[in-house]
Amino acid sequence: MTAAALLFTGCGFQKKSSKVEKKGNVSAGTVVMMVGDAQVRYSEVMAYSYFLKCQYESSFGKELWKYQLGSNETIGDQAKQEIVNMITQLKIISAVAQKQSVGLTADEQDEALRQAEDLVHNASAADKEQYSLTVQEISEIYQENLLAEKMFYVATDDADTNVTDEEAGQAIVEDNRSKAASGSAVKTASGEESSFSKEEIDKKKEQIIQQRQSEMFVKKYNQWLRDKKVDINQSFWNDFNL
C-alpha cells in the first residue's frame with residue numbers, strides 16, 4: 001500500500017442498496033461490489049485483507065480482528081468497512097482519471113509490477129492460496145494507488161501554496177497555545193516569525209499547504225462520489241471475516 005492510499009481514509013462513503021447477488025460459493029472471480037461500472041472481485045477484497053494481515057498481525061496477533069470495541073463492533077468490522085471505503089475511493093478516482101486522460105507512465109506501470117512480483121514472491125504458499133494472490137491482481141491494485149497519488153496532485157494543482165512567514169509563525173503560536181492548554185510542554189514565543197527558526201517556519205508552511213491540498217481534494221472527491229452508484233453484496237459482507 002502507498003502513502004497516497006492513506007490520504008483518502010475518512011473521505012465520504014455512502015452505502016447504497018445492493019444489486020449484486022450472491023450465487024453459490026464465492027470464488028476469486030465473484031463480483032462482490034460495483035462502483036459505477038467498475039466490478040470488484042472477491043480476489044481484490046482478499047488482497048486488501050492480506051495487506052491488513054501483513055500490517056497488523058505480526059505486531060498484534062491473529063486475534064486482533066475479534067477485539068470488541070463496544071456496541072457489538074469489532075476491530076475486524078471496522079477493518080471491513082475500511083476495505084470497502086478504500087476500494088470505493090480508488091475506483092472512483094481511477095474513473096475520474098480516465099475521464100481526464102490522466103494515466104501512468106510505462107516506468108510507473110513497471111514499478112507497480114515489480115512491487116507486485118516482490119509481494120507475491122515473498123508470500124507463503126498458504127497465503128497465496130488463502131488470499132488468491134496473483135501478480136496481476138496485486139499489480140492492478142498498486143497501479144490504482146499510484147494513479148490516485150497522481151490524481152491528488154492534479155486535482156489540487158490550483159490550491160493556494162502561498163504562505164507567508166507571518167502566517168506560519170502565527171500558526172505555530174496557535175499550535176503551542178493549544179498544547180499548553182492541554183498541559184503539554186511547549187516552546188513559548190511572542191508570536192512573531194522571528195521567534196522561530198527558519199526550519200520551524202518552513203516545516204509549518206509545508207503543513208499548511210498540505211492541509212489546503214487535502215481539504216480541496218476531499219471536497220472534490222465527495223463531488224465525484226455523489227455522481228457514482230455503489231452497489232454492495234450485503235450478504236457477502238455480512239458473512240465475510242478477516
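**Close-up views of a predicted model**

View 1. Leaving aside residues up to four places away in sequence, Gln213 touches Phe152, Thr156 and Ala159. Gln213 lies in helix H8, which spans residues 198-226. With a relative accessible area of 13%, Gln213 is buried, because the limit for this class is under 20%. Asp158 is 55 residues from Gln213 in sequence, and their C-alpha atoms are 8.9 Å apart in space.

**View 2. Helix H4, residues 106-122.** The helix has 17 residues, and the distance from its first C-alpha to its last is 24 Å, close to the 24 Å expected at 1.5 Å a residue. Ala112, Ala116, Leu119 and Val120 are the buried residues of H4. These residues cover an arc of only 95 degrees around the axis, so they sit on the same side of H4. An α-helix has 3.6 residues a turn, so residues three or four places apart point the same way. The face of H4 turned away from the buried side carries the exposed residues Ala106, Asp107, His121 and Asn122.

**View 3. Packing partners of helix H4.**

**View 4. Salt bridge between Lys53 and Asp127.** The side chains of Lys53 and Asp127 meet at 4.0 Å, N to O. This pair links distant parts of the chain, with Lys53 in helix H2 and Asp127 in helix H5, 74 residues apart. Lys53 counts as buried because its relative accessibility is 17%. Asp127 also counts as buried, at 12% relative accessibility.

**View 5. Salt bridge between Lys150 and Glu108.** The closest N and O atoms of Lys150 and Glu108 are 2.8 Å apart. The pair joins distant parts of the chain: Lys150 belongs to helix H6 and Glu108 to helix H4, 42 residues apart. Lys150 is partly exposed at 24% relative accessibility, and Glu108 is partly exposed with a relative accessible area of 25%.

**View 6. Salt bridge between Lys229 and Asp231.** In this pair the closest N and O atoms are 3.9 Å apart. Lys229 counts as partly exposed, with 38% relative accessibility, whereas Asp231 is buried, with a relative accessible area of 10%.

**View 7. Salt-bridge network of Arg41, Glu137 and Glu140.** Salt bridges link Arg41, Glu137 and Glu140 in a network. Side chains of opposite charge can pair when their charged atoms come close. The count for the predicted model comes to 16 salt bridges.

Note on methods
Residues numbered from 1 in each chain as written. Predicted model: local features only at pLDDT ≥ 70, side-chain atom pairs only at ≥ 80, totals over all residues. Heavy atoms only, no water. Helix = DSSP H or I, 4+ residues; strand = E, 2+ residues; numbered from the N terminus. Buried < 20%, exposed > 50% of the residue type's maximum accessible area, 1.4 Å probe, protein only. Contact = heavy atoms within 4.5 Å. Expected span 1.5 Å × (residues − 1). Arc of directions from axis to C-beta.
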